[in-house]
Amino acid sequence: MSDLVNPGNEVNPANENDDEIEVEEPEAVPVATAPAQDRQTVRKEQRRQLLRDPSFIIGFSIVLLWILCAVFPGLLTTRSPDVGVTLADGTFLARSSPGADAWFGTDGIGRDVFSRVIYGARSVLTTAPVAAALAVAAGAFLGLLMGYFRGWVDEVISRISEAFLSLPVVLLAIMVLVVFGSSNLVIILTVAGLFTPVVARTVRSAVLAEAQLDYVTSAKLRGEPSWFVMSREILPNITNILVVEFTVRVAYAIFTIATLAFLGFTGDALRADWGNDIANTYTLIQAGQWWPTIFPSLAIAALVIGVNLIADSLDKALKS
Amino acid sequence: MARLIARRLLLSIFTLFILLIAVFALTRVFPSDIARQLAGPFAPQERVDRLNDELGLLDPLPEQFWRLLKDVFTFGSGDSFSQPGVSVRELIGPALWNSAKLVGLSMLIFLPLSIVGGILAARRKDSRLDRGIVSFGLASASIPDFVSGVLLQFFIGVQLGWLPATSSSVPDDAGFFTSLRFILLPALAIVLVYFGYIARITRAGAIGVFEADYTRTAYMKGLKPIEVIRKHVLRNALQPTVAVTGTQMGYLFGGLVGLETVFNYPGLGGLIFKAAKAPDLPLLQAGVLTVAVIFMLATLAADLLIAWMNPRARTATEA
Amino acid sequence: MTLLESESPIDRGDPNTAALAVQDLRLVYLVRGKPREVLRGVTFQVRPGEAFGLVGESGCGKSTTAYAALRYMPDNGRITGGRVLVNGADVTKMSNNELRKFRATQASMVYQDPVQAMNPSLKIGEQVAECFTILGHGKNESEDRALQALTRVHIAAPASVMDRYPHQLSGGMLQRVVIAMGLAKDPKLLVLDEPTTGLDATVEAEVLDLVRELRDQTNAAVLLIAHNLGVIRTMCDRVGVMYAGKMVEEATSDELFEQPKHPYTIGLMHAIPRHGLRKTDRALSTIPGNMPSIGTELPTCVYVDRCPIATETCRTEVPPLVALNDGRWTRCHHSDDVDAIVEPDAVAEEHEISDERIIELNGVSKTFRQAGHDVPALVSVDLGFAEGETLGLVGESGSGKSTLAKTMLGVHGPDTPGTITLDGKPMKSMATERRDEAIRAIQMVFQNPDSALNRSWTVRKILHRTVTRLTTISGEEAHNRVSEIAEAMRLSEHHLDMRPRQLSGGLKQRVAIARAFAGDPRVVVCDEPTSALDVSVQAAILNLLASLQRDERTSYLFITHDIGVVRYLADRIAVMYVGRIMEKGLTEDVFNGPVHPYTEALLSAVPAVDGVAHDRIPLEGDIPSPADPPPGCVFHTRCKYHIPGTCDTEVPPTVTVSHRHEITCHLPIDQLPTPVTISV
């Protein structure tokens, strides 16, 4: 095949500078000189943009802090979240407002609110990411099938997921948890199952768009089997969408799991859990005891905002 | 247009049927001792047996399903389990009305705010105003409704004392404005959740339209910016906003369980939650179907509105 | 002697009486707060009633210049110097209010994509009437005037069009509406930005006729941007050639096309197939290298890096503006030496094409089901490919060209009966069911390489997968084979590790061609492979395809709307209309005639780079919908030779005019037309 070339007619390859790379910024490094790192160049540019983005930095710091709390709570507090606080002089601190003895105060039975907030990160940070990951995996699988095959596969799955999408996730979750009990495993599976249709719908529309492109036709013209086209050709082009979708779903899972805990559906009723703690104390706000409620509330708010800030800046960086 | 509506309604009925089967399967096929739960752990066994019999829980499943369908077609004329003698309809009705008041009030606040915010942000994309609106929206929409409920209750209701901290203690002789004051706090909590969400959707839609060729054409005609927005941008930019608002109705009517609990507000979500816990099967089924029907009507209304705004969608669905 | 940038080397009259006078216009885009130069001092004038064309490859700044005439630029655009006078008023100095008034009354614009340029949710009538309400007319009067405006652009049944939405009209019709809006105010200046790109040649011809007619009526000045040099040639009195934000040459249209003086203009003119040039004559000239990107530091002569006659002087001294005869000028040190630029040598060897067919389509039809209706997109097509030949497939959009290609490739299954045979043996209809050998035999090069190449794969992976999939080669050998193919396509080793987005358009198309050739195909379908590329890159791709064919004896099915390209590359031509082949024959036979009446109209509609087509045959009415084809001959509704009673009832016979030249028409052979001639 090397004798294909007809040197007299063609432009000298050294001169034919088709090499120029399409970069948005003229100042970007000419990639032609460092071919092996090209992919990394793109990645690096995206990473640079992420690290320059203040919302990513804020979001990442918040989430990192909570992950620290969940993994090493002992580093941040020496008090147990489950036992009432007794001071060195033997006083039992119950319903004490925030102060030097207990930074966030103590609750009705003397437990340290600060410790409960720290330890409370654990339950939500174990369940929510797992549920989100399961939902994204299942949703990606279904979405690929729907978007690639279309036809009756799409129709059947769409109809069923539409039925579930017509009810609020919280309501559906309540019904499932009433029947099957509210262990952590059931909570994870329920939330994952209820998020799957949404993910599948997002993936489906991305796959539909990809399947229109000629590289898919080209793969079919090589006689590639469907599984290959879906998993090797299309999937790598939608991983960005899956990454963003996962982050968004983590935020929603925290949202949902906290709401369920607030309604009394929690793996362990006694364990420190922000939603559950709010549920147990919020009626006391009007009596002036705000601290056992407000601190876990702020904790939930901070965590979800943090995750959403990451999702938002990831989305921006990956789209650029 | 009539064909479009007919097709959509048929599809909705099909979807409702799937939902009905799912709920039935969930509550009756899987073993759970409903009568025991209703009667309480210390009730004598014969009372539990009697209750089982009275509620028809021992009948064959097809018979139970038929009863459920009958309840649906008579719009909830059957009795509830938890309050014998009271029909499901009598329980759902007031709750639905309460939810409608809350949703209506909050929408009156958040829709104009988020539309104006979204359009302003899109017009001045990447400006400080845009970043402010987007960041505030992202933060406020992230917080679960019951959390913003608790925070508002504490800061505005208790600390500042501007508004009643709960919604349950409305005086009987309260006039329109007084009762409005009692639902303003939960409504504000909803506004907090939805302002950011809807504003961001509007912004995204409007950015696309501001960058569209036909907007350029409008500027090139010599139109003033305000006229360009009014005549050329709004109609095209608001279509996603309408669609998303429609799909959120199910959540607004049935999903605010936490928020209704915080403010002790007797809405539909709370009612369904109680029915699920009891468990009051007829009430639960009726509540779930009500929410689903609201969702379907709202999305249908949204689609019709979009068809009115967008002639392409109109002819596409007619064909 | 060097002139100031703001001075034109030629006298074109008082700028204050010009319809448009651009003087030393400088414009930057702010990228992360840093200014990037886009226009680096552009000067030209357009006199009232004159049509001025701007040409140059993408990125040269021609569109930016056109939009700057109405002071429309992206948010990050800033005018940093110079003036833009329209009728003596400086557009760059106007307040926002003055600018709005100026746009409403003095100048208007016609855009590239009329479908996008119209608001999808407002009726045509409202959008046209708006141009009059801005001028202060009442609602009823505006509507009356809108109706008149639509009549003026020859829209049939304007009243009913007023009541329609944009998506209900064809692209050509919408472009008429946009022109009607532009002319609503009787502007002094009409700026057209690629007004016919994306329209079929027949529609394009009508739109251009309309612009010409209206210009004569209104005496408005026209500024035309088009990458199609044929459009520029047929429309413009004068042409300016832009390069890297500067104008390098300005001349009358005829002079510029026949005696270009700047090396860049010469490069452009030699890169397009002209004057009936064929691949058997010689290769096309290409311009090595790329245009400097926006904002880069430029050498003294902007073109020096790509110029075949550049000398040391070009790098050290700014080239002078050289006034030539009769008001033309060029910006070059060596304007007297341009004859030294030569075109490539003649092709030595030439292959005979045998009559034996590799792949043959017999009575192939394809019917789609759409919303409960049968849409016959392809009706009983017979076609065969001999080894090493190029079959050019032409016809308006919607004529079934792509359906034919995709059916042959096995993307769509054809209707039964009808067979596609490979070496005389029938092939399965779908690619997924075909034997390896059949899959290998037919491959495709797509129009848009961005869509055709998987963006998350490296070039190496794309080629390697194709090699291992289509051949029995594997392991180390497959890697060697990939390198071999890449070398043959003039892709270097480091390109192999890149991903498509890191390559330029031309390189991407090379990768796509490499992929198509990786399995040693017998037939390669090329679907408009150069339509998205600049002419110099197009020339390199056409040269590559021609040389691959000479060496590998591959056959091409070449789909294109560019008659010049098809004439250059094709050995035979097939003309399609509403899913049927109306004519097929050797290229020279088709261009010499006699031809099918539709071919005559199609060839005459194409704006020629070589001059003006005489006696253009207008095609009236729209192409019929394949869902509802006219009875008898499908072309009779638009045919000027139409024989009543015959053409509208009976399906025409296919007659052989000469060896391998077949025409499907009722006309006797001696009454068939001959294509129009083109002259300067």
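Which residues are linked in a network of salt bridges? In this predicted model, the network joins Arg222(A), Glu224(A), Glu233(A), Arg465(C) and Arg469(C). Two of its members, Arg222(A) and Glu224(A), pair directly through their side chains, with N to O at 2.9 Å. Arg222(A) is buried. Glu224(A) is buried as well. Over all chains, a search of the whole structure returns 51 salt bridges.

Two further pairs lie within chain C. In one, the side chains of Arg215(C) and Asp237(C) form a salt bridge of 3.1 Å, N to O. Arg215(C) belongs to helix α8 (residues 201–218) of chain C. Asp237(C) sits in the loop between α9 (229–235) and β9 (238–243) of chain C. The pair therefore ties together parts that are 22 residues apart in sequence. Arg215(C) has 12% relative accessibility and so counts as buried, the limit being under 20%. Asp237(C), with a relative accessible area of 34%, is partly exposed.

In the other pair, Arg315(C) forms a salt bridge with Asp305(C). The closest N and O atoms are 3.1 Å apart. Arg315(C) is partly exposed, at 43% relative accessibility. Asp305(C) has a relative accessible area of 58% and is therefore exposed, the limit being over 50%.

The contact between chain B and chain A was examined next. Chain B contributes 44 residues and chain A contributes 39 residues. The size of an interface is often given as the accessible area lost when the parts come together. For chain B and chain A, the buried area is about 3700 Å². Carbon and sulfur atoms give 82% of that area.

Charged pairing across this interface amounts to one salt bridge. It is formed by the side chains of Asp312(A) and Arg200(B), at 2.8 Å from N to O. Polar contacts between chain B and chain A number four residue pairs, with both residues at pLDDT 80 or more. On the side of chain B that touches chain A, seven helices are listed as giving two or more residues: α1 (2–29), α6 (128–142), α7 (145–159), α12 (249–254), α13 (257–262), α14 (268–277) and α15 (281–309). The residues on this side of chain B divide into 32 nonpolar, nine polar and three charged.

Note on methods: Residues numbered from 1 in each chain as written. Chains lettered and ligands numbered in written order. Predicted model: local features only at pLDDT ≥ 70, side-chain atom pairs only at ≥ 80, totals over all residues. Heavy atoms only, no water. Contact = heavy atoms within 4.5 Å. Buried area = accessible area lost by both parts, 1.4 Å probe. Salt bridge = Lys/Arg side-chain N within 4 Å of Asp/Glu carboxyl O. Polar contact = N/O pair within 3.5 Å; in protein donor to acceptor, adjacent residues only side chain to side chain. Helix = DSSP H or I, 4+ residues; strand = E, 2+ residues; numbered from the N terminus. Nonpolar A, V, L, I, M, F, W, Y, C, P; charged D, E, K, R; others polar. Buried < 20%, exposed > 50% of the residue type's maximum accessible area, 1.4 Å probe, protein only.
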